[in-house]
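Hi there,

Here is the structure I promised to pass on to you. Have a look at it first, and my notes follow below.

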Protein chains: 2
Amino acid sequence: MTRVTADVTFLRGYNQARVMAVGRTARTFERATVVEATGLTPQAVSKVIARLTADGLIRPAGVRRPGIGKPAVVYELVPDSRYAIGAHVARRSLRLVLVDLAGAVHRSAVSPLPRDFTPEQLLDALGVGIDTMAGIGDLRGRLSGLGIGMIGPLDHANGLVRDAHGLRHWHDVPLREIAEKHLGLPVHLDKDVTAGITAEAWRHGATFGDAALIMVESGIGGGFWLGGAAHRGAHTNAGEFGHTVVDLSGPRCVCGRHGCLEIVHHHAVEAGDVAHAARVLAVGVVNLLQTLDLAHVVLAGADLLRHPQTYLTAVTEAVQADARRASWSSTTVALSSLGADVIAAGAAMQILDRHYGIPELSPI
Amino acid sequence: MTRVTADVTFLRGYNQARVMAVGRTARTFERATVVEATGLTPQAVSKVIARLTADGLIRPAGVRRPGIGKPAVVYELVPDSRYAIGAHVARRSLRLVLVDLAGAVHRSAVSPLPRDFTPEQLLDALGVGIDTMAGIGDLRGRLSGLGIGMIGPLDHANGLVRDAHGLRHWHDVPLREIAEKHLGLPVHLDKDVTAGITAEAWRHGATFGDAALIMVESGIGGGFWLGGAAHRGAHTNAGEFGHTVVDLSGPRCVCGRHGCLEIVHHHAVEAGDVAHAARVLAVGVVNLLQTLDLAHVVLAGADLLRHPQTYLTAVTEAVQADARRASWSSTTVALSSLGADVIAAGAAMQILDRHYGIPELSPI
DNA sequence: AAAATTTAGCAACAGCGTTGCGTAATAGGG
DNA sequence: CCCTATTACGCAACGCTGTTGCTAAATTTT
């Protein structure tokens with residue numbers, strides 16, 4: 001995800017990232033696997049593999065004898081060669097996870113945050129949590145950085161928290177900069193839902209198509225993975241999916257409009273009818289499918305995961321009932337495989353993605 | 001937009017496309033302009049410019065004397081060095097346009113199509129129209145191809161019309177293949193709204209951010225430009241924006257759901273209340289902004305352009321009233337500068353984009 | 001033991017942007 | 001008029017990428 005000009009160093013990073021994506025997705029792989037996946041020549045793949053092996057990111061893991069002929073060398077990712085820490089900053093709690101290069105969550109811890117916590121209080125909590133996690137296995141040397149997934153609005157490109165909703169002390173806080181200084185680690189700041197969908201994409205590898213993470217947790221948000229990358233929108237503000245109107249004559253929402261998905265859903269929950277709430281959410285999900293034509297829908301969030309089966313059933317049925325879905329069409333619906341860790345884990349993977357993912361070509 | 005592996009030929013195409021984008025956006029440019037825009041070294045830009053000049057795509061256009069020092073050579077795009085033809089295939093009509101390399105529309109013509117026309121009838125109409133357009137200026141040698149923008153569902157990657165809505169003879173028709181054979185030209189097939197947003201993006205250049213084209217014309221559709229490329233979704237079916245539910249207790253739509261934006265809007269139009277219809281559409285547009293955080297909204301479509309000011313006002317007001325839009329946030333709302341030609345022109349530009357746009361790296 | 005088959009890799013190569021440095025073209029000052 | 005500073009341009013060598021051509025290694029089959 002590092003920004004580079006379009007010179008040969010881009011090719012280097014790009015093709016290395018492709019091989020890493022193969023290694024992350026498949027338990028083991030060999031040269032021919034990568035050749036097929038990338039379209040590169042075998043010789044080029046050999047060179048890439050040699051570079052990654054020298055860096056300790058992958059390693060040989062035996063040979064495969066395909067019957068006749070010289071055996072093929074089998075490679076595997078070295079999961080514990082690099083780690084990243086992810087933080088999910090919510091209104092009252094901080095969740096930290098330790099993630100390895102393969103995307104596996106090694107540790108997970110939740111600690112409370114003071115009501116209306118300040119940037120300083122968050123930094124202190126982060127410092128304590130990171131020291132605990134990184135200290136145990138002495139990972140300092142292999143720690144790539146800290147990813148922070150947080151409620152918005154924020155400015156991901158400049159690492160700025162614009163105006164975190166419901167938090168008084170968070171107006172135009174340059175969180176990335178002060179966290180990097182305070183913690184001595186590279187820091188990546190992003191919206192919570194964007195971090196979440198990155199987790200799903202990173203674990204699924206390069207074949208992961210257009211997808212959304214639907215998160216129900218003190219509000220309803222959506223994280224999007226479109227065209228092989230996170231979609232953040234023009235001002236890092238994409239995903240306010242809960243504030244789309246689904247009922248023109250519905251109750252007034254905190255955002256000022258009437259009949260937002262979030263308020264309609266909330267009323268159903270308050271009335272004790274979770275099944276109805278789930279069906280309301282499902283209407284919103286199908287709206288997304290109609291608009292964006294997604295291949296995957298992932299469900300997450302504390303409030304949703306209290307009734308996982310109810311929501312999964314409602315959304316799956318609504319998606320299948322959508323008459324426009326023909327034989328050539330399909331959308332998978334699933335609960336997040338990472339559960340409550342998905343935001344924090346995704347934030348961590350954004351750090352790994354910066355180093356070992358597809359480099360971004362500099363824009364404009 | 002050609003697919004290549006990540007080798008040095010990609011760099012060549014990528015940087016050439018960047019320079020072409022500069023030339024298309026600015027009337028004239030010089031080496032320093034491109035250096036700033038691309039991050040390349042001046043020497044590298046010189047090489048790219050030399051290649052493009054040799055191909056006749058750009059040419060010197062005088063010098064600029066910046067006071068002291070050697071004058072800088074000024075370059076310009078050669079608009080009439082390449083042309084493409086775009087077709088907008090609707091249910092009852094075929095619109096053809098001739099577009100030059102700069103994105104300017106030179107000719108535009110509409111002809112009726114028979115009710116329930118067959119693929120053969122469309123091919124004949126295309127053949128006649130193209131001969132007329134290309135024959136006038138003897139453009140055969142400079143014609144890059146034909147772009148077709150059409151109602152879906154269709155499969156853009158394979159050039160297949162899946163099941164054109166409301167047309168009986170269009171089930172799994174390999175339109176791209178048979179058109180290429182019949183017309184002897186490269187053909188690109190895409191959904192109408194996707195072609196439309198490509199027109200806007202192609203004319204605005206590399207600085208064009210995330211955007212949507214809202215089209216009201218026998219239904220409501222949306223074309224999306226996200227992250228510097230058209231967003232088509234997992235099955236080339238993105239943009240069925242008219243079939244998102246905005247009124248849970250609304251009337252039943254042809255798609256089977258209740259309270260779709262399209263049916264609610266349609267009822268308002270039938271009742272003669274265009275202003276109300278425009279406000280309904282505006283609710284849908286703000287829903288899109290909440291979800292996708294767009295920088296630009298472009299309004300188009302025959303039914304909308306019958307009351308351009310009504311719709312423009314309603315959407316602009318709704319976007320501005322959206323309380324979440326803060327000082328750092330902004331979204332432009334505009335009518336399509338190409339009017340009724342936008343779909344056909346965009347289809348033509350997709351052909352030009354294939355040759356002279358940013359090459360796509362091969363996926364998976 | 002020889003042939004066939006599959007995989008791996010060395011060496012030379014083409015092509016990209018980069019770097020170092022010389023050259024051309026202008027304005028201003030002595 | 002000449003010299004200098006300034007700005008733009010481009011040749012030549014270079015480093016790096018993936019590619020191509022070919023040889024070598026390791027295995028099974030005959």
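Let me start with how the two copies relate. Chain B can be laid on chain A with an RMSD of 0.1 Å, by a turn of 180° and a shift of 0.0 Å along the axis; the superposition is by least squares on the C-alpha atoms of residues with pLDDT of at least 70 in both copies. That is the relation of a two-fold axis.

A word on conventions: this is a predicted model, in which local features need pLDDT of at least 70 and side-chain atom pairs count only at pLDDT 80 or more, while totals for chains, interfaces and linings use all residues. Residues are numbered from 1 along each chain as its sequence is written, and chains are lettered from A and ligands numbered from 1 in the order in which they are written.

Now the interface. In it, 52 residues of chain B are in contact with 52 residues of chain A, where contact means that the C-beta atoms, placed from the backbone, lie within 7 Å. On the chain B side, the elements that give two or more residues include α1 (8-25), α2 (31-38) and α8 (274-292), and α8(B) gives the most, with 5 residues. Helices (H or I, at least four residues) and strands (E, at least two) are DSSP runs, numbered from the N terminus. The residues on this side of chain B divide into 23 nonpolar, 21 polar and 8 charged; Ala, Val, Leu, Ile, Met, Phe, Trp, Tyr, Cys and Pro count as nonpolar, Asp, Glu, Lys and Arg as charged, and the others, Gly among them, as polar. Since 100% of the interface residues of chain B are also interface residues in chain A, the copies meet through the same surface.

Chain A itself has 11 helices and 18 strands. Of its 364 residues, 50% count as buried, meaning that 20 or more other C-beta atoms, placed from the backbone, lie within 10 Å of the residue's own. The C-alpha atoms of chain A fill a box of roughly 70 × 55 × 40 Å along the principal axes.

One sheet to look at: three strands of chain A form an open sheet in the order β9-β10-β11, with antiparallel pairing. Its edge strands are β9 (154-155) and β11 (171-173) of chain A, each pairing on one side only. Strands pair if DSSP finds at least two bridges between them, and β9(A) and β10 (residues 160-163) of chain A have 2 bridges. Asp155(A) has Leu160(A) as its bridge partner in β10(A).

Best wishes

Technical notes:
Two residues are in contact if their C-beta atoms, placed from the backbone, lie within 7 Å. A residue is buried if 20 or more other C-beta atoms lie within 10 Å of its own, exposed if 12 or fewer, and partly exposed in between; C-beta atoms are placed from the backbone.
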